Amino acid sequence: MLDKISVVLIGTSHPGNIGSAARAMKVMGLTNLVLVDPACEIDAKSLALAAGAADVVTNAKIVKTLDEAIADCGLVIGSSARSRTLEWPQLDPRESGIKTIEEAAAHPVAILFGRERTGLTNEELQKCHCHVYIPANPEYSSLNLAMAVQTVSYEVRMAFLETQKYTGEKIINEYPRAKELELFYEHLEKVTTQTQFINKKHPGMVMTKLRRMFTRARPEQQELNILRGILTSVEKSLEHRDK
């Protein structure tokens, strides 16, 4: 189950943080580290701060884009340290740990951590099903990257250990992967533009709000297939109308 969980670091700028994050992961049983467009190289400092988790660092997968990192994931959780203009489903670390373990039984899960100074962008956060927020002391909420990874990874491990107490079979819903969701949003934008629901020159926030709505509803795989079918039927109707 833990093998299906990936910690994804985006735009990391300090090599030591990669090693420290790897160490935080491994002590909690997580070994899949993904680096998205890192702004630094893995070096001797990375390995030194990884201590006994050098294998997590050396086996880290390095990709150019977030889409590549999460393409096969059925659940994507993004860490967020601040409120956003457009609210997204939000979990505390304990809730995120439970949700991660529940769904790792069915499909890969990614937990995203952003840049040291600026965190995740709004666009990156919109690719997540939910956000995890660490309720630190508001008078001193300075958490470095490794601390954040450690806190969230600890809750994942605690939720995992809790599942070992029970042997009963649990039904897990099948959810679409991140890549399939992106294809759906592209299809939705294409059709709503064709029907002139969205003004191509002035699209506004329509797609962002639709993303939020579907993220909140979280359609299952069969439901997403139905939605794609509806969009396809609209396209066919438009083709017949234009003939």
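Guide: By the rule used here, the count comes to one cavity of 30 Å³ or more. The model is a predicted one, in which local features need pLDDT of at least 70, side-chain atom pairs count only at pLDDT 80 or more, and totals for chains, interfaces and linings use all residues. Residues are numbered from 1 along each chain as its sequence is written, and side-chain values use heavy atoms, with hydrogens and water left out.

Visitor: What makes a space a cavity, and what makes it a pocket?

Guide: On a 1 Å grid over the protein atoms alone, a cavity is a set of points where a 1.4 Å probe fits but cannot get out, whereas a pocket is an open set with protein on both sides within 12 Å along at least five of seven lines.

Visitor: Which residues line the largest cavity?

Guide: A lining residue has an atom within 4 Å of a point, and 14 residues line the largest cavity, with K127, H129, L181, Y185 and T215 nearest its centre. Helix 8 (178-194) and helix 9 (206-217) are the elements that give two or more residues to this lining, helix 8 giving the most, with four. Helices here are DSSP runs (H or I, at least four residues), numbered from the N terminus.

Visitor: Why is helix 8 called oblique to helix 9?

Guide: Their axes, which are lines fitted to C-alpha atoms over the stretch in contact, with angles from 0 to 180 degrees between N-to-C directions, come within 11 Å and cross at roughly 135 degrees. Angles under 35 degrees count as roughly parallel, over 145 as roughly antiparallel, 65 to 115 as roughly perpendicular and the rest as oblique, and therefore helix 8 is oblique to helix 9.

Visitor: Which residues lie nearest the centre of the largest pocket?

Guide: The largest pocket is lined by 25 residues, and those nearest its centre are S79, S80, A81, L143 and A148.

Methods: Points joined across faces, edges and corners; volume = space filled by probe spheres on them.
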